[in-house]
Amino acid sequence: MRRSYIVLISLISVIFVLAYLTTYMGILGPISSDTRYLAKLFLALTYNPDTSTSLRYLTAMSPEAVTAIVWDYRGIDTFYETTVFFMAIVSALTIYRGITNIESKTQGSGLSIIVRVVTKLLIPMNIAIAVSIAVHGHLTPGGGFQAGAALAVISVLLAVVFSGYSFGKLGMGISKAVALRSMGLLGIATVTLLPLIYGIVAGVQTYLMQNYMKVDSPFTFPIYAWGQLISGTLIWLNLAEFLAVSFGFFVIFMLLSLREETVKKYLGVGDGH
Amino acid sequence: MDTNFLERFLVIFALYNLLATIGVSIYGIVARPHITKKIIALTILGDALNVLAIFLGFKPSSIPPVLLKTDTISEGDIIKFATSAVDPLPQALVLTAIVIGLAVNLFLIFLALQIFRLYGTLDSRKIRELRG
């Protein structure tokens, strides 16, 4: 125990001395008080409704620069990140292959009545916050990923407070969650391919994941709906990602909350060795 | 010791601390035999790298990259926003990396659970000696 303290203190002092020496000798130079040119470009163009200049062909029409980068400027990047997420869940499902539905048990499970009532009150608020984060993703910090993670908290709460059987009681099977997650992925694919379909039908040039009109392409998603800024594709992609991420996590936490005996019965695994 | 020196020292100290955290977590992944500790070290590595990415995009006395005024916006507002906000690109990369990292970590936990079910241990030294 004492040895680990000595290691910790010596590590911190080495870092301190190194940092002091670096600062004193000026090896790293002065701290830049300015962002890079690329960052300035992103910030200036993210919401630029100026129709008089050619800048309007580069804007994403979203006041939130991070969402604009995630789903417009670097949309294909995010598409592949979603693929990584998809593959991680598919791999987890492969380990648990054969288990499609969770059995339900009505009594003798979960925590005390106080915890259960408080959790029942918290869950609607949690859903409201998650949907709000997803729908306002193009206006305020947040978006599909964060909203999905916020909604996934409910699955953990259900598993801990009401036990793993509560998913079956709510009619929330693994196959249903997988179907909802696939719906989210299909939504992303639809929004990605819509400009192409429009281009083929109308005979104009369009791009994959196109949000706002380009110099050589007149296609643009509706930027406003009922007087509200929805930033074209961004709100739809955020909602689709919200579905995909939240129910992906639902699947994983449902599988994690399964009883060990059930899993061993399905997987045909003995008790070790 | 003037304020400029102190500011620079604190930034460099934070940077070195992050690099040391990355180093310690890589040590944890490589040298610790227990799989649970490897996964914990991996999560620390991921978080440290995310903080490093945010750290590189930071600049002193700045605002978040969110434009709050959208209905009546002028050119001056956009110029002011572009010159005072932080770099949004590292934030965009970290935003997705956190959720993807969570999913990958959960997958690793599933693998570890399965290893425990099959072999009855999570010690990688013992797993190496087992057969079948």
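Predicted model: local features only at pLDDT ≥ 70, side-chain atom pairs only at ≥ 80, totals over all residues.
**Entry 1: chain A overall**

I began with the secondary structure of chain A and found 10 helices and 2 strands. Reading along the sequence, I wrote the pattern down as α-α-α-α-α-α-α-α-β-β-α-α. I then looked up the radius of gyration, which is 25 Å for chain A, whereas the globule rule gives 19 Å for 273 residues; chain A is therefore more spread out than a compact globule. Its C-alpha trace spans about 70 × 65 × 40 Å along the principal axes. Burial came next, and I noted that 35% of the 273 residues count as buried. For contacts in chain A with a separation of 6 or more, I noted that 66% come from residues 24 or more positions apart.

**Entry 2: chain B overall**

Chain B has 5 helices and 0 strands, and from the N terminus on I read α-α-α-α-α. Here the radius of gyration is 22 Å, well over the 14 Å from the globule rule for 132 residues, so chain B too is more spread out than a compact globule. Taken along the principal axes, the box filled by its C-alpha atoms is roughly 70 × 45 × 15 Å. I found 22% of the 132 residues of chain B counted as buried. Among its contacts between residues at least 6 apart in sequence, 57% join residues at least 24 apart.

**Entry 3: where the chains touch**

How many residues of chain B are in contact with chain A? I found 43 of them, in contact with 55 residues of chain A. On the chain B side, the elements giving two or more residues are helix 1 (3-31), helix 3 (75-84) and helix 4 (88-119). Helix 4 of chain B gives the most, with 18 residues. Sorting that side of chain B by class, I got 32 nonpolar, 6 polar and 5 charged residues.

**Entry 4: helix 4 against helix 4**

I followed helix 4 of chain B across to chain A. It packs with helix 4 (residues 75-95) of chain A at an angle of about 15°, the axes being 9 Å apart. An angle under 35 degrees counts as roughly parallel, so that is how I logged helix 4 of chain A relative to helix 4 of chain B. The crossing of these two helices is left-handed.

**Entry 5: helix 2 of chain A**

Which residues of helix 2 (residues 37-45) of chain A are buried? They are A39(A), F42(A), L43(A), A44(A) and L45(A). What do they pack against? I traced these buried residues to helix 3 of chain A, together with helix 3 and helix 4 of chain B.

**Entry 6: helix 3 with helix 9 in chain A**

Next I looked at helix 3 (residues 65-73) of chain A, which packs with helix 9 (residues 233-256) of chain A at about 85°, with axes 10 Å apart. That angle makes the two helices roughly perpendicular. The contact consists of T67(A), W71(A) and D72(A) from helix 3, and T233(A), L234(A) and L237(A) from helix 9. By class I have 3 nonpolar, 2 polar and 1 charged residues here.

**Entry 7: helices 5 and 6 of chain A**

Helix 5 (residues 113-135) and helix 6 (residues 144-161) of chain A pack at about 165°, with their axes 8 Å apart. They are therefore roughly antiparallel to each other, and the crossing is left-handed. Among the contact residues I marked V115(A), I123(A), I127(A) and I133(A) on helix 5, and G144(A), L151(A), I154(A) and L157(A) on helix 6. The contact divides into 14 nonpolar, 4 polar and 1 charged residues.

**Entry 8: a single residue**

Last, I checked V160(A), which lies in helix 6 of chain A. Is it buried, exposed or partly exposed? It is partly exposed, because 15 other C-beta atoms lie within 10 Å, and 20 or more would be needed for a buried residue. I also took the C-alpha separation of V160(A) and Y57(A): it is 50 Å, for residues 103 apart along the chain.

How values were computed. Residues numbered from 1 in each chain as written. Chains lettered and ligands numbered in written order. Axes fitted to C-alpha atoms, helices over the stretch in contact; angles between N-to-C directions. Helix = DSSP H or I, 4+ residues; strand = E, 2+ residues; numbered from the N terminus. Parallel < 35°, antiparallel > 145°, perpendicular 65-115°, else oblique. Left-handed = near helix turned anticlockwise from the far one by under 90°. Contact = placed C-beta atoms within 7 Å. Nonpolar A, V, L, I, M, F, W, Y, C, P; charged D, E, K, R; others polar. Rg over C-alpha atoms; globule rule 2.2 N^0.38 Å. Buried ≥ 20, exposed ≤ 12 C-beta atoms within 10 Å, placed from the backbone.
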